[in-house]
Amino acid sequence: MIESTSPRIRTFLPPYLLERIAGGSDPRLRECARHTLQADHGFRARAGAARLAPDSLRRGEPARYIHSAEGRQELPGRRVRSEGEGDSGDPAVDEAYHGLGATYRLFWEAFQRHSLDDRGLALVATVHYGQDYENAFWDGSQMVFGDGDGELFNRFTIALDIIAHELTHGVIQHEAALTYAHQAGALNESLSDVFGSLVKQHARGQRAGEADWLIGAGLFTERVAGRALRSMAEPGTAYDDPVLGRDPQPGHMDDFVETQEDNGGVHINSGIPNRAFQLAATSLGGPAWEGVGRVWYDTLVDRRLAKDSDFGAFAELTRDNAAGRFGASSREAEAVREAWRSVGVLP
Amino acid sequence: MTRPAAPPTLVPASVLRLSREGGVAHFPGLARPRRIHCARYSEAQRGELQRLLATAARACPVEAGADRRLLHLSLEDDRGAEVWTLTIAEEAVPPALLDWWRHAESEG
C-alpha cells in the first residue's frame, strides 16, 4: 500500500545508517531519519520505563502497566496503574488492566505462554489517546486505545476481545511476523480475532456452542445499525449502517475480495479463515481453546509458518498440527480439514 | 527508499481525492473516497491546501504495527488522470488537512 516509502525504516535500518541518512542531503529522508531516531530514543525511553516497571520474572504472572495520554497523541503518556494496584475508578484504565490480565491468562493457562514473547514481556497500554479518537491499534511495542467519538463508537477498551486482538498482534510479531498485507495480513488479522474471541470465551467460561463469535460487540453506540465489527460465524452480517456501510467480509473463497484498500483487504478477507476456525470449533464442541484453539496456537508458533503465508499454506499447517497433536484420524484433524473445505480454501 | 514527489501546483481544475483507511476494522462508508474540487475554492484556500499537501509529503513513512489508520491522497488533473499519490499514517497528517477531509464531498 505504501508504494513510495519504506514502511520498515525503524525495523530494519540500524542506527548508524539512520544517523548517516539524518546527516544526508535529502531533506525528507533526513527529517524521517531524525524522526525515526527520535522514535527509537522514545522506544528506548519506554524500555527504560519498562526497566523501572520490569517484565514479569515469574511464569504465570503478568506485568501490566496502563498509561493515560490524557487526550493527547503522545505515547506512552502518564502511568496511572501498575501491576498489583487496585482499581483506579477510571473505566478505560481498569478495563485495559483487566483485559490485559484476561489475555495473559488465556495464553498462560491454555498454552503455557508467558506473555507476548514467552519471556514475561511487560504489557503496556495507553488509554485516552487523542480527542474523540475512534480506533485501537498495536504500534509495534504497545497497545493504544481511543475513547471513541461518542457518536458512532464507544471507548475501545469496552470490548475485551478488542484488547485481546491488539495484544495478539504482539504475539504474532514475536512469532511468525506475518506481513501486514494481502492474504498474510488477513491471516494476521484472523489470528488476532481468533485469540481475541478465545480470550472472551475463556473469561466467560463458555463452550464453543455458547459463544457469540462476534468481534467488538459493544463498541458501537445505539446510533449504529450493527452488532459488532465482525462476525466469525456469519462474515458479512455484523453491521449494515447508513454511515459505516455494510460489513464487507466474505466467508468463502468464492467471494474473496481483490482490493488495494485496507492493506489489500486484511480486515476484509480475514472473514474466511475466521469462519474456518468457528466451523471447526463448533463442530468439535467443548471449550474452543482446548481443541482447535490448540491447533491454531501450534500453527502460530510453528517455524514453518512463513511471513508471506497464504490461506492454503496456513490451512495445510493446521491440518499437520492437528494430526501431530491429536492423531491423523482424530476428530480434531477431521474437523479442521472439513472446515477449510467448507470455506473453499482446501479442495 | 524512494522519496515521494512534492505535490504538483494546484490549479482550479485540480481535484484532490482523499480516503481514510485502516483501523481495527474496514468500514466501507468511512473509507469511501472524498473529493475536493479546487475550482470551488479561492486562490488563498488553494494555497493553504498546497501548503498542507507539501507538509504531508514530507511526513514520515508508516511505522510498524497493526490496525493503524492511514490517509490516502491522490491528485487528479483536469482530464481525471492521477498525477500524484501519497499514503501516510493518520498521526502524521497535518490536523488542518484532516479538517479538509471532514468537509470534503463524499463520492457517494
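Reply: In this predicted model, the axes of α4(A) and α6(A), the helix of residues 182-204 in chain A, come within 9 Å of each other and cross at roughly 85 degrees. An angle from 65 to 115 degrees counts as roughly perpendicular, so α4(A) is roughly perpendicular to α6(A). The angle and the distance between the axes are how two packed helices are described in general.

The residues that meet can be named. On the side of α4(A) they are A:Ala102, A:Thr103, A:Leu106 and A:Ala110, and on the side of α6(A) they are A:Leu198, A:Val199, A:His202 and A:Ala203. Sorted by class, this contact has six nonpolar residues, two polar ones and no charged ones.

Next comes the core. The largest nonpolar core has 96 residues, and those touching the most other members are A:Ala96, A:Ala125, A:Phe145, A:Ala276, A:Ala280, A:Val292 and A:Val336. Helix α4, residues 91-111 of chain A, gives this core its largest share, nine residues. The core lies between domain 2 (55-158) and domain 3 (182-342) of chain A, because both of them give residues to it.

Setting aside neighbours within four places in sequence, A:Ala96 is in contact with A:Ile66, A:Ala125, A:Val127, A:Phe145, A:Thr157 and A:Ile163. Another core, of 17 residues, lies apart from the largest one, and B:Ile36, B:Ile88, B:Val93 and B:Leu97 are among its members.

For chain A as a whole, there are eleven helices and nine strands. Of its 347 residues, 51% count as buried. Among contacts in chain A with a separation of 6 or more, 57% are between residues 24 or more positions apart.

A:Gly245 and A:Leu106 are 139 residues apart in sequence, and their C-alpha atoms are 34 Å apart in space. A:Gly245 is found in strand β9, residues 245-246 of chain A. It has 16 other C-beta atoms within 10 Å and is therefore partly exposed. Leaving out neighbours within four places in sequence, A:Gly245 is in contact with B:Phe27, B:Pro28 and B:Gly29.

Some backbone details remain. Most residues other than glycine have a negative phi, and most peptide bonds are trans. The bond joining A:Leu75 and A:Pro76 is cis, with omega about 0 degrees. A:Pro76 lies in the loop between β1 (64-68) and β2 (78-82) of chain A. The loop between β1 and β2 of chain A also holds A:Glu70, which has a positive phi, near 50 degrees, and is not a glycine. A:Glu70 has 13 C-beta neighbours inside 10 Å, so it counts as partly exposed.

Chain B has a residue with a positive phi as well: B:Asp67, at about 65 degrees, is not a glycine either. B:Asp67 lies in the loop between α2 (43-57) and β3 (69-76) of chain B. B:Asp67 is buried, because 24 other C-beta atoms lie within 10 Å.

Methods. Residues are numbered from 1 along each chain as its sequence is written. Chains are lettered from A and ligands numbered from 1 in the order in which they are written. This is a predicted model: local features need pLDDT of at least 70, side-chain atom pairs count only at pLDDT 80 or more; totals for chains, interfaces and linings use all residues. A nonpolar core is a set of buried Ala, Val, Leu, Ile, Met, Phe, Trp, Tyr and Cys residues joined through C-beta atoms within 7 Å. A residue is buried if 20 or more other C-beta atoms lie within 10 Å of its own, exposed if 12 or fewer, and partly exposed in between; C-beta atoms are placed from the backbone. Helices (H or I, at least four residues) and strands (E, at least two) are DSSP runs, numbered from the N terminus. Domain bounds come from an automatic or database domain assignment. Two residues are in contact if their C-beta atoms, placed from the backbone, lie within 7 Å. Axes are lines fitted to C-alpha atoms, for helices over the stretch in contact, and angles run from 0 to 180 degrees between N-to-C directions. Angles under 35 degrees count as roughly parallel, over 145 as roughly antiparallel, 65 to 115 as roughly perpendicular and the rest as oblique. Ala, Val, Leu, Ile, Met, Phe, Trp, Tyr, Cys and Pro count as nonpolar, Asp, Glu, Lys and Arg as charged, and the others, Gly among them, as polar.
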